[in-house]
Amino acid sequence: MRDLKNKLTSGKNSSNIQSRRGKSFGYQVLGFGAGGSVPDYDIEFLVVGAGASGGKGTNAAYREAGGGGGAGGYRTSTETERDVGVTITIAVGGPGAAVGGTGANGNNGALSSISGTGYTTISSAGGGYGAGDLKTAGDGGSGGGGGGGNPGHPQGSGNVPSTSPVQGFNGESRAGQAGASGGGGGGASETGGTDGPTTGGDGLSNSITGSAIFYAGGGGGVNAGTAGDGGGGVGGTYSSGGAGEGVVNSGGGGGGNGYNGNSGGGGKGVVILSFPTVHYSGTTTGSPTVSTSGPNTILKYTSSGSYVT
């Protein structure tokens, strides 16, 4: 039998949620069809959904512009494992594709998750698309930035579906003025536009790999809006284009663009596991990158796969 401990964390200024499933709660913890028992040890997870692409503008003369793409959701968890032969299934979300059509909305990113029989699935939603000109942005792990023009339109909502702590924040709205640029997408730690007009929301730093790395930053809006820390793409210009892509396997949102050229595509998601090397079974699918940090083995999944404890 294995004892399960879940500690879910996600957004800024959040606290951990802990739950334990066992006979005292009216559950029989069945595990994953385990083939034996080992001393308890913790497996840490980082689960980041894929970023969305930015939206497109329609008219260079009037500076009507698309919003930045929202970052993928950001969640962490710790599971206490005592069984062998437990299959953990990993899904890594694909990014929202760039768009080139006049006034087009971007595309949402896809969710990333871990799952397995006997414990709660942990899912991080893909980012919400950046709005095309005069359009409303998409909801997601973090929301997309609203479209520009006169009048502009609202941002997308973050933390959709709702998690506690939150997995991301809203995009930025640039509604209400002629020539307004598209807003930045939301990030894992703040709303788009927090650091200035058309900036993408910043993501969060995580040291699960042994080095501090930012994930899940929002895409910038037009004109050349700054990307959020965590792999967001910079916004393009009204007429010259240049929207940036979200960084691969960061969950960053793509930059919004003006009239010329494509919007920025989102960054693919990522799932990372860390646990004591002494318990590493070596049984994986999906070709994760394997590394070590101190006493722990790190499995970084950039495509879907599995790990057997």
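**Close-up views of the nonpolar cores and the overall fold**

**View 1. The largest nonpolar core of the predicted model.** Sixteen residues, written here as 16, form the largest nonpolar core, and those that touch the most other members are Phe45, Ile88, Ile90, Ile114, Val271, Leu273 and Tyr301. At least two residues of this core come from each of β3 (36–48), β5 (87–91), β7 (119–124), β10 (270–276) and β13 (296–301), and β3 supplies the largest share, namely four residues. In soluble globular proteins, nonpolar side chains tend to be buried together.

**View 2. The surroundings of Tyr301.** When neighbours within four places in sequence are left aside, the contacts of Tyr301 include Ile90, Val271 and Leu273, which are, like Tyr301, among the residues of the largest core that touch the most other members. Tyr301 is also in contact with Val92, Val270, Thr284, Thr285, Pro288, Ser306 and Tyr307.

**View 3. The strands and the surface of the chain.** Of its 309 residues, 55% are buried, and the chain exposes about 11,000 Å², of which carbon and sulfur atoms supply 49%. Among contacts between residues at least 6 apart in sequence, 58% join residues at least 24 apart.

Conventions:
Residues numbered from 1 in each chain as written. Predicted model: local features only at pLDDT ≥ 70, side-chain atom pairs only at ≥ 80, totals over all residues. Heavy atoms only, no water. Core = buried A, V, L, I, M, F, W, Y, C linked by side-chain atoms within 4.5 Å. Buried < 20%, exposed > 50% of the residue type's maximum accessible area, 1.4 Å probe, protein only. Contact = heavy atoms within 4.5 Å. Areas by Shrake-Rupley, 256 points an atom, 1.4 Å probe, with all protein chains shown as cover.
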